[in-house]
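Look at the model first, then read on.

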Amino acid sequence: MTSHMLNISNLHAEVDGKAILKGITLAINPGEIHAIMGPNGAGKSTTAYVLGGRPGYAVTEGSVTFDGADLLEMEPHERAAAGLFLGFQYPVEIPGVSNLQFLREALNAQRKGRGQEPLSGGEFIKLARAQANELGLDPEMLKRPVNVGFSGGEKKRNEMVQMGIIGPKLAILDETDSGLDIDALKTVGDGINTIMRRPDRAVLLITHYQRLLDYVKPDFVHVLANGRIVRSGGPELALELEREGYGAIAA
Amino acid sequence: MSDLPTRRDEAWRYSDLEAVAGVWPVATRTHVVAPGETLVLPILIDGDADSVGIEDHAIEVGAGARVEAQVAVTGGRLGRVSLSVKLGRGAHLSLAGVIVGGGQETHEIVTHVTHAEPDATSEQTVRIILGGQATGSYLGKVAVARGAQGTDAIQSAKAMLLNRTATANLKPELEIYADDVKCAHGATVGELDAQALFYLASRGIAPAEAKTLLLRAFVGGLVEENSPFAAAIDKALERVL
């Protein structure tokens, strides 16, 4: 019995029969921000997708518990209802479904799962507008179809608006910094801090670069290479990586 | 005309002829739309699992007149709507058609639109959602008569298969005897986007709700919200998902 929020133990996973994760072990406690860094092909996005339950990502060995429950036994929507939020590297476009409608369905599905009443239309719109303003997303974008015609930066801000509205316990953010200019990076970083830096919440940031970590200070940094965590340390490890490259550290 | 149709008859090729035999002959309803007038024609076929619903309409559309046909086939062992439309000078037809079928159902929308005189326009949009072993067909023929210059005809048909065991037949067909015409047609058959489904699931939306959301978007714009058509489509989606 542990009090870890997320406990990943010896996780192996494959995609299309090819082994990608080869024994990841990682524990995250409430109040902590962890960063996973690593070169292309190390298994960073696969880690996020396996934790989110994306079809086609098969766990072959190991276990993951979330608040003591077996995460791998849950359907993707149940994982979300349990408090896990997956921020996408490439947020999906959904023509014909407005952002507001999508967010309201999502929030109310989760409230229902927690035995809470659905929010009324008015209450919801107020909440959504406030979040959009906070994250520098034009509230008019909320009326548009989900991510359709959004720039890269707008899509990532939209992910953060969703995270703010849903209020998850654990956010796994897959390269949320990719495709962002400096201003957007700062806004998104501030968003992550405001929404998630709390004693009862935690974040797993997946990133190539140190620059997001200037805004969102991690408590722990892990280096992923060839499907395993090869080094763990404090924030200084990210700086060392930036200076010396993955080759030297992961070898 | 009252002979029982056979498979050799192109317009009946994909139909459930056994079901047809039980109700044959089917009377044709004729409409004449006077010049400048508008006919709004809502047709909803939403019978229960054993029922057979066939409607056959022949419409003569006068100069500058309009027909707005709203067709939904959402229930019945066999549901079929056929429209034969003859457009006069500058007349217009718009057809918004939706089919939702599941189980062993056969649902069909069959149109024959004749641009008989110059400058008529027609716009047919059909969306088909099929689950189980259902068969859904849109057979749409546009005929442009000799001398019907300035014709503008658009056909867009898309089918979404919820199971690989369902069958969609989409057949836009053009027969053109004039040289200054614009005839566009498109037909696609696809499945729900797995990436979109996972994205919705990752935000806590359960699979059935996620599919309903995407399918409503698929037929979105073709039916008015809170109309009997929308209600019938929602009810049918619940059944076929």
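**A covered helix and its surroundings**

Helix α2 (residues 194-201) of chain B is mostly covered, with six of its eight residues buried. Buried means that 20 or more other C-beta atoms, placed from the backbone, lie within 10 Å of the residue's own; exposed means 12 or fewer, and partly exposed is in between. Helices (H or I, at least four residues) and strands (E, at least two) are DSSP runs, numbered from the N terminus.

This is a predicted model: local features need pLDDT of at least 70, side-chain atom pairs count only at pLDDT 80 or more, and totals for chains, interfaces and linings use all residues. Residues are numbered from 1 along each chain as its sequence is written, while chains are lettered from A and ligands numbered from 1 in the order in which they are written.

**Helix α2 of chain B**
- The buried residues of α2(B) are B:Ala196, B:Leu197, B:Phe198, B:Tyr199, B:Leu200 and B:Ala201.
- Their cover includes α2 and β7 of chain A, together with α3 (207-219) of chain B.

**Where the chains meet**
- Chain A puts 21 residues in contact with 16 residues of chain B; contact means C-beta atoms, placed from the backbone, within 7 Å.
- On the side of chain A that touches chain B, α3(A) gives the most, with five residues.

**A:Leu26**
- A:Leu26 sits in strand β2 (residues 18-28) of chain A.
- A:Leu26 counts as buried because it has 20 C-beta neighbours inside 10 Å.
- Leaving aside neighbours within four places in sequence, A:Leu26 contacts A:Ile8, A:His222 and A:Ile229.

Conventions: Two residues are in contact if their C-beta atoms, placed from the backbone, lie within 7 Å.
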